[in-house]
Amino acid sequence: MELQEFKSQILQGIPEQLPAPKPYPKGGNPAPKRKDILTVEEKKLAVQNALRYFPKAWHQELSNDFAEELKTYGRIYMHRFKPEYSMYARPISDYPAKSRQAAAIMLMIQNNLDPAVAQHPEELITYGGNGAVFQNWAQYLLTMQYLAEMTEEQTLHMYSGHPMGLFPSSKEAPRVVVTNGMMIPNYSQPDDWEKFNALGVTQYGQMTAGSYMYIGPQGIVHGTAITVMNAFRKVLNKGESPNGKVFLTAGLGGMSGAQPKAGNIAGCITVCAEVNPEAAKKRHEQGWVDELWSDISGLVQRTQKAITNKEVVSLAYIGNIVEVWEQFLEADIFVHLGSDQTSLHNPWAGGYYPVGLTFEEANALMAENPSAFKDKVQESLRRQINAINKHTAKGTYFFDYGNAFLLEVSRAGGDVMAKNNIDFRYPSYVQDILGPMCFDYGFGPFRWVCTSGNPSDLQKTDTIALEVMKTIKSEAPEEIQQQMQDNIKWIEEAEQNKLVVGSQARILYADAEGRAKIAEAFNQAISNGDISAPVVLGRDHHDVSGTDSPFRETSNIYDGSKFTADMAIHNVIGDSFRGATWVSIHNGGGVGWGEVMNGGFGMVLDGSKEASRRLKNMLFYDVNNGISRRSWARNKEALFAIKREMERTPNLKVTLPNLVETDILNHLFDA
């Protein structure tokens, strides 16, 4: 399609002529049919809600069309309105826009919906099984049109995928404010999402899908690599190599091929089960996993060979993870690290597939008999944890990777509780690894996208980031030396690890000092022409400050406040008036609807002095808000970090806790 035609379609928004119906493409990776949860009257309401986007003259035809979609898929996606042009992140200059900030956001939206990036692109779902950018294609068309029309004195307000409209604001205000799934608390159970999403009034934004900040699997690869490297440091002797050691896990769909690639970077044998053959084949074709195996006995033999030869290799098993745990037990294969990355935040709608059923049988049962499917899932979880418990009795280090695995096992009645019957017997990876080693010190997933689409710009940003990190490391205290070195290694090897999928993007873990200095160096390079176009800054919501999640990001908060969400709300509000280009806040994420509050941001660097001022102000708060909360919870690493920051920043004054000797408390409430 010619560039001018692409621009014309963006500017048009909802087409002037009613498009003809179009069939869903064959193959690909469609989302599973959603639960039939609406009453007849509610189904009529869902169609009525959908028709709001279109002129009355179309209502008769579209009402039949949308009713059929609702019946067939459990949702109204408005597939006939999907644009004809290819969906990918174009260079920023290709977008028709009055504001470069708005053009950058258009680029990020298209990247999230790129079939090479998105899990279920036809249904506007980026990852996690239900992490949506929009609820339907009309919302996409209108949003892109609004962004094309926007000036730098307007703000677009997004209500769970719906563009409520452009409102007058100012150059200082965010260009876009995004909310996803903001529910009255008593209406935030999983079936509430099914119902209100089917009605077309809310959506699940996951973490970075609904905030337009997903950069493909690279983001989760980095976090997983950091996690796996540090997990091996916990279980191996000092100086012992992970080569030939087994990391066993599951899931190549909702979180892409993160685990096999991360395992290769960490230097171990990664065995990852995936029940969806298409997802496994896609990751293999993209180079995110080395080998595919569909025969369990062949997988066992190949793993044994890899152990003997001390290989670094990733093996994908097309089948159920429960089979692998059980067969490895029978074959006496020692698993050093074990985890799970299936989308268990969404257990009843395709996030987890039970053992004993084929992929097709499970999808059919899910749609036709949800109650029976739930029983099968819970039976499978009980069987999986029984096998895991036998492995851990032999010395396996198992950790919850923040996907609600332990939570759902406990709800299924699996043997997963600690002796106190309050905690889980296995830690969250945040409790043991990322919390004390990263988040409490202010280190988290800082990311950027080169809007030129030019790989040479990304290479330049890598070089700049590497120089900044090495300079900071030379004067950094001992407490953060390991973090600095891990991320220096990551950036040094980033290009050869071929991490880019979709946009020219990069991620690394950095603290407030690192983020601000890297961003300032980028901005200067844009100003002097070394980088040819603006750079978008962002982060995963899985970070120091942005997310309140008692079973993941804030699971190492022990003062009783881990079930509160003040930090995430303050983060998004604080970022909004300190210079963010767009901000977002979501109910839900990797651990499930109603279980977490996620906040995120995007910031466009254009080489201006104004961008320099904004980045220093906003990035400082974005990190130190979370360190402050963590220090108030008495986390010793966070106390170290915030005291160090206050010494460097005289106008930062944070309330610090007075630590109490436990002997004072022990006798207070004796019976």
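Trainee: What share of the contacts in the protein with a separation of 6 or more comes from residues 24 or more positions apart?
Mentor: A contact means heavy atoms within 4.5 Å. Looking at pairs with a separation of 6 or more, the part that comes from residues 24 or more positions apart is 71%.

Trainee: What kind of model is this?
Mentor: Residues are numbered from 1 along each chain as its sequence is written, and side-chain values use heavy atoms, with hydrogens and water left out. Local features need pLDDT of at least 70, side-chain atom pairs count only at pLDDT 80 or more, and totals for chains, interfaces and linings use all residues, since the model is predicted.

Trainee: How many helices and strands does the protein have?
Mentor: Both kinds are DSSP runs numbered from the N terminus: helices are H or I with at least four residues, strands are E with at least two. Going by that, the protein has 22 helices and 17 strands.

Trainee: What is the radius of gyration of the protein?
Mentor: That radius is taken over C-alpha atoms, and the globule rule is 2.2 Å times the number of residues to the power 0.38. For 671 residues the rule gives 26 Å, and the protein's own value is close to that, so the protein is as compact as a globular protein of that length. Along the principal axes, the C-alpha atoms fill a box of roughly 70 × 60 × 60 Å. The radius of gyration itself is 24 Å.

Trainee: What percentage of the residues count as buried?
Mentor: Buried means under 20% relative accessible area, exposed means over 50%, and partly exposed is in between, with a 1.4 Å probe and protein chains only. Of the 671 residues, the buried share is 62%.

Trainee: How much of the accessible surface belongs to carbon and sulfur atoms?
Mentor: Accessible areas come from the Shrake-Rupley method with a 1.4 Å probe, and for residues only the protein chains shown count as cover. The protein's accessible surface comes to about 26100 Å², and the carbon and sulfur part of that is 51%.

Trainee: How do the residues of the contact of H1 with H5 divide into nonpolar, polar and charged?
Mentor: Ile-10, Leu-11 and Gln-12 in H1 meet Tyr-140, Met-144, Gln-145 and Ala-148 in H5. Ala, Val, Leu, Ile, Met, Phe, Trp, Tyr, Cys and Pro count as nonpolar, Asp, Glu, Lys and Arg as charged, and the others, Gly among them, as polar. The contact of H1 with H5 comes out as 5 nonpolar, 2 polar and no charged.

Trainee: What is the phi of Met-78?
Mentor: Most residues other than glycine have a negative phi. Met-78 sits in the loop between H3 (59–73) and H4 (100–113), and Met-78 is buried at 1% relative accessible area. Met-78 is not a glycine, yet its phi is positive, at about 60°.

Trainee: And where is Leu-124 found?
Mentor: Leu-124 also isn't a glycine, and its phi is positive, near 65°. Leu-124 is buried, with a relative accessible area of 0%. Its place is the loop between H4 and strand E1 (125–127).

Trainee: Which residues is Thr-461 in contact with, leaving aside neighbours within four places in sequence?
Mentor: Thr-461 belongs to helix H16 (residues 455–475) and counts as buried at 0% relative accessibility. With those neighbours left out, its contacts are Trp-448, Cys-450, Phe-522 and Ile-531.

Trainee: How far apart are the C-alpha atoms of Glu-274 and Thr-249?
Mentor: Glu-274 is in strand E7 (residues 269–274), and Glu-274 counts as buried at 9% relative accessibility. Along the chain, Glu-274 and Thr-249 are 25 residues apart, while their C-alpha atoms are separated by 9.4 Å.
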